[in-house]
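These exercises are to be worked with the sequence and the structure side by side. Each task is followed by a solution in steps.

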Amino acid sequence: MRLVVGYLATSGGADALALAVRFARTLGADVEVCIVLPPDTVLPGLVPKGGYEEVLAEQAKGWLDEALATVPDDVVAHSHLSFDESFTDGLIREAVRLEASAIVVGGSGGGLAGSYSLGSVVNELLHSSPVPVVVAPRGTRDSSIDRIREVTCAIGRREGADLLLDSAVRLSQASGAPLRLVSLVALDPTFGSLRSDDDAVRERALKHARQTVEKAKRELPEGFPVTSTIVNGPTVEAAVKKLEWHDGDVIMVGSSRLSAPRRIFLGSTAAKMLRVLDVPMVVVPRDEPADGEGR
């Protein structure tokens, strides 16, 4: 298993690398630290000494060396310097080439408020990647937690929910972390026959959550810890804030039904959740990747 880190020598890059190390230690994966430069940035030795391209490429190699030096000895890590017009496209190409299981990026940088402040590259990944994208909230680098503590799966009834659940079950099994299934009633107002009928909404949600838990239990080893909870509120943000979170937790969400096949598309609900969460979020594509599109 390989985890590709979209790395920049910034606080967000340090957050991404720290989270990748946490996942790698938990899952026994290798960490692939990647920097993508524009194609006109040629390798040292191909331009006059002291040229801009040489300086930038040398600097990128230095950043990669410094990043690898921070990776603990019990985690295997490699560095990669590649060239592409688009950092996003280059990162996806590296993830496919390396058959990565996920791309890990830092959430700090302009965009949404809260613990996540998504820059343009992360936003593009969350609307195009063929493999899961893991977003590290600001400050992950300062955490002393070295393994995943619990996996939360935000379940719904829309297309792709089964794949999301299957992905959460696999992560829970591989990490040995308990699985928590969460139904946010604000996510799916159509659970109830009438939008204003709160009792009907909650009853439908409870029934769906029970069915989902039973499905998950059938796929987990006997006695594997799995729980479910239902929270509601006037908004998604209000519902999510009712949940209890701990350092080391991770939440998994599915892609919007607007996503292209085998591609991520961050939906409005997940975007709202990002505004109030301070735990890592894993966004899963709508379909399984095709051959040659990553693992």
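The model is predicted.

**Exercise 1. Which residues of helix α3 are buried, and what covers them?**

Step 1. Find α3, which spans residues 87-97. Its buried residues are Phe87, Thr88, Gly90, Leu91, Ile92, Glu94 and Ala95.

Step 2. Recall the geometry of a helix. An α-helix has 3.6 residues a turn, so residues three or four places apart point the same way.

Step 3. Inspect the two ends. At the start of α3, a side-chain oxygen of serine 86 comes within 3.2 Å of the backbone nitrogen of threonine 88. Just after the helix, glutamate 99 has a positive phi of about 55°.

**Exercise 2. Is glutamate 32 buried or exposed, and what does its side chain contact?**

Step 1. Apply the cut-off for burial, which is under 20% relative accessible area. Glutamate 32 has 2%, so this residue is buried.

Step 2. Look for a polar partner. The side chain of glutamate 32 makes a polar contact of 2.6 Å with the side chain of histidine 80.

Step 3. List the other surroundings. With neighbours within four places in sequence left aside, the contacts of glutamate 32 are Arg2, Leu3, Val4, Val5, His78, His80 and Leu98.

**Exercise 3. In what order do the strands of the ten-stranded sheet lie, and which stand at the edges?**

Step 1. Read across the sheet. The order is β3-β2-β1-β4-β5-β10-β9-β6-β7-β8; the sheet is open and its pairing is mixed.

Step 2. Take the two ends. β3 and β8 (226-231) each have a single partner strand, so one side of each lacks a neighbour in the sheet.

**Exercise 4. Why is strand β6 described as largely enclosed by the rest of the structure?**

Step 1. Count the buried residues. In β6 (residues 150-155), six of the six are buried, so the strand is largely enclosed.

Step 2. Separate the two faces. Glu150, Thr152 and Ala154 point one way, while Val151, Cys153 and Ile155 point the other way, and all are buried.

Step 3. Check one residue by its value. Cysteine 153 is buried because its relative accessibility is 0%.

Step 4. Turn to the neighbours in the sheet. β6 pairs in the parallel sense with β9 (residues 249-254) over four bridges, and also in the parallel sense with β7 (residues 179-184) over five bridges.

Step 5. Follow threonine 152 to both sides. Isoleucine 251 stands opposite threonine 152 in β9, and arginine 180 is the bridge partner of threonine 152 in β7.

Step 6. β7 and β8 pair in the parallel sense over six bridges, with leucine 184 opposite valine 231 of β8.

**Exercise 5. How many helices, strands and disulfides does the chain have?**

Step 1. Count the secondary structure: there are eight helices and ten strands.

Step 2. Count the disulfides. A pair of cysteine sulfur atoms must lie within 2.5 Å, and the count comes to zero.

Step 3. Consider the chain overall. Of its 295 residues, 51% are buried.

Key:
Residues numbered from 1 in each chain as written. Predicted model: local features only at pLDDT ≥ 70, side-chain atom pairs only at ≥ 80, totals over all residues. Heavy atoms only, no water. Buried < 20%, exposed > 50% of the residue type's maximum accessible area, 1.4 Å probe, protein only. Helix = DSSP H or I, 4+ residues; strand = E, 2+ residues; numbered from the N terminus. Polar contact = N/O pair within 3.5 Å; in protein donor to acceptor, adjacent residues only side chain to side chain. Contact = heavy atoms within 4.5 Å. Pairing = 2+ DSSP bridges.
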